[in-house]
Protein chains: 2
Amino acid sequence: MVENVLERPVAAIAAAAARIVGDEYVARDELLTDASGLRGVAAVLARPADAEQARQLVAWAYANDTPIVPVGGATGYSGGIVPEGPLPVLAISMQRLWRVRSFDPLLWRIEVEAGVTTATVARLARENGLLFPPDPGAPEQSQIGGNLATNAGGPHAFKYGVTSHWVTGVEAVLAPGELVSFGGPIRKDVAGYDLRSLLIGSEGTLGLITAAWLRLTPAPAQTIPVVAAYATIEEGVEAIYGALASGIVPAAIEYLQGTALVHAPPPFLDADGRQFVVIAEAETEHERDELLLALGPAAFAADPREVWRWRGGVSLVVRAVRGEKLAEDIAVPLDRLQEAIERTLEIGARHGLEACSWGHAGDGNIHSTFLYDPADPAQRAASEAAAEDLFALARELGGSVSGEHGLGALKRGQLLGQWSEAAVAAHEAIKATLDPKGLFNPGKKQARPTS
Amino acid sequence: MVENVLERPVAAIAAAAARIVGDEYVARDELLTDASGLRGVAAVLARPADAEQARQLVAWAYANDTPIVPVGGATGYSGGIVPEGPLPVLAISMQRLWRVRSFDPLLWRIEVEAGVTTATVARLARENGLLFPPDPGAPEQSQIGGNLATNAGGPHAFKYGVTSHWVTGVEAVLAPGELVSFGGPIRKDVAGYDLRSLLIGSEGTLGLITAAWLRLTPAPAQTIPVVAAYATIEEGVEAIYGALASGIVPAAIEYLQGTALVHAPPPFLDADGRQFVVIAEAETEHERDELLLALGPAAFAADPREVWRWRGGVSLVVRAVRGEKLAEDIAVPLDRLQEAIERTLEIGARHGLEACSWGHAGDGNIHSTFLYDPADPAQRAASEAAAEDLFALARELGGSVSGEHGLGALKRGQLLGQWSEAAVAAHEAIKATLDPKGLFNPGKKQARPTS
């Protein structure tokens, strides 16, 4: 075997990790991937038992110039956990930080370690009459640490806000290996700068989140999706504006469009020949009645289990049609919703790809999707070109290249143009300040292209 | 007249300001004060007409090593606008940035300049069936820029969240004089670091906020305060826990305690001999009925105008009793609420001062208040010593020294101890990065004591 020049550093990383977490919790050459389909190999993957071991791993890596890649439930869409670059990395899996440190249902709060799944928090809340609203999907795999690192959204962010709104405190390891907390089990706090919010959504590039204090809220007594199908995109978007004018705040306003409805036909209505389906969720009978009025004569109340089970499966079903899809998550001002949806189709046509979209219409956050055959390099290249056009569209419409998935590796460089040069410089200054060696998740959430 | 060695720099500042904003919008030796009672003199106060003039003022000040003090509606409680230090400062009043740049009621959003009053936004929203929930008080004077700079709260933050939750975009001038925007009229955005949240609550120490994109929400059809008086603090706090267990989210959960009820007797109930009054606000009849049950047999529905007019006046009435009061805004975990309220009274007794409290019980955010005669130096000193004890109490209970007023000048140095040394170092690193010359509102939001 030809000796790899990086073999010695890898052995040193593995040995250090084993000293900290124990041999049985260290793996070599671990392939890491997520829902983006990107892949990369972590020279060493360590599974710390608790925040203190995570701190020691970071401290060792920082002292030894070793890149750190935090790994949560691997359900992200932008390659945030996928190792990159020439140096061997130390990936840190948060899987064993699975403890619920405290739970006070009567005070609407819970403190969990980063590796606790979203489903666990949701279940504990539900069993106590409470709700943890963020629902970014894949709850059985997705972990709270990853939810925070990406500031995850989901359908119910429309009424309830994204993950950040439900976090009162963050515990994290900062460079060069300091375990700190910003906030805690308190509902208001303006004493320091909002470093809690700065870490949330930072995709592991400013520090390693080890635990969170979360707020909960009483669960609604019922959820009633009001659904309707429309002949055109224009009619569907008008219905969404109608829901905004109904005087109530729907818990969610979702849409699905075009061939998404052909590939994944909704079981609860006949969308045949229809271009657009709207789901607006009510939580009371009064809200249901207002939404029925707002969405027009075609609207009716559907079974929530049926609606959300189907809605949760759309992405996978559409992906299977050609074998792969490229799905983005741009967000646009609500007055540009129709344009964003229509131009997604135009972009697909220009690149010879079938396109469709769905998403969180009430938040202007659309999952523009291009279907392609992964075995066909030309189609893959076309999908990447289509994505570039889509990011340009988001910027042109005054929107964001990412409403909820983050930049990760997939959207590297796309912040430039959305933000001005001076704003990007501030983004980069923050990174350089909190991670002076550039070791936290290198290459991710990078504002401008590398070259 | 003895020539002041600082006279030449002051003349230069005034001349530069006049070139940018015009002679008639520049004042000399302006006394600045806010609701904290702190006072200081701005060598020069300039009133820019728009964001571009504000940018030019900052650019000149930054190039000429001149401290910048942003001035909003002067309704803060921590001396955030009060100039300090040996150098002559350029204060920048946002009063003339009074424009509503855009308003889309059907899309629940508004873009306003920093000098627009909170009342203007609230009124525009209300006239269109919408609500801008943050209600920190003094709405006719208080400005949106200041609301953002302090991340202002208020009673309805309990249900609706603090100011940050309603801001989708911030426009600000950063060092050394760059006008930037983070976010905009989009409801979701995770492309860059959350610099929007970092600026919010930064008290003018990281940049000068010039405009904001705000979210609005449909106004509730009605507001029904459910009120009750209790014999003891313990009974009152139990009732608050009862409201949390009611299965609904009250719009606000307020309390008033002790001699506050003697000095400012509620006009809507007989609090004679009672220690504690709770106000929990319902927005539907169902919620009203749940709160009536939760707050016990003494509870009844009161007139919202009567309740909130009285509630808004409490602070001034109590202040007038001895001539002055020292009122803080610590926040504690909800399980420590009773202890925080009782120990406020003990702290007052220990320092020979009448003490009482009120505040946002549902958020654990209490306004601990010590009454004193401002003409009596011993009493003033006692009140300051009491405040120190109170901050120590907040830290001991795992809370925050400030739930909604910010550190300003009044609470300088109080973050240390609440945050660990490493967390404070991150706070300071952010300041040094975004304001390398330390010219933005010097001495404010400072984590550790100066010496």
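In the predicted model, the charged end of Arg96(B) is placed over the ring of Tyr25(B), at 3.3 Å from the ring centre.

Over all chains, the structure holds 12 of them. One of these is formed by Tyr62(A) and Phe440(A), whose ring centres are 5.9 Å apart. The planes of Tyr62(A) and Phe440(A) stand at 35°, so the pair is classed as tilted, given that stacked pairs require planes under 30 degrees apart and edge-to-face pairs over 60. The two residues come from distant parts of chain A: Tyr62(A) belongs to helix α2 (residues 51–63), whereas Phe440(A) falls in the segment after α13 (421–434), and 378 residues separate them. Both Tyr62(A) and Phe440(A) are buried.

In chain B, Tyr255(B) and Phe276(B) form a stacked aromatic pair, with 15° between the planes and 5.2 Å from centre to centre. This pair likewise links distant parts of its chain, with Tyr255(B) in strand β13 (residues 253–257) and Phe276(B) in strand β14 (residues 276–282), 21 residues apart. The relative accessibility of Tyr255(B) is 0%, and the residue therefore counts as buried, the cut-off being under 20% relative accessible area. Phe276(B) also has a relative accessible area of 0% and is buried.

Terms used. Residues numbered from 1 in each chain as written. Chains lettered and ligands numbered in written order. Predicted model: local features only at pLDDT ≥ 70, side-chain atom pairs only at ≥ 80, totals over all residues. Heavy atoms only, no water. Phe/Tyr/Trp six-rings, centres within 6.5 Å; stacked < 30°, edge-to-face > 60°. Helix = DSSP H or I, 4+ residues; strand = E, 2+ residues; numbered from the N terminus. Buried < 20%, exposed > 50% of the residue type's maximum accessible area, 1.4 Å probe, protein only. Lys NZ or Arg CZ within 6 Å of the ring centre and 35° of its normal.
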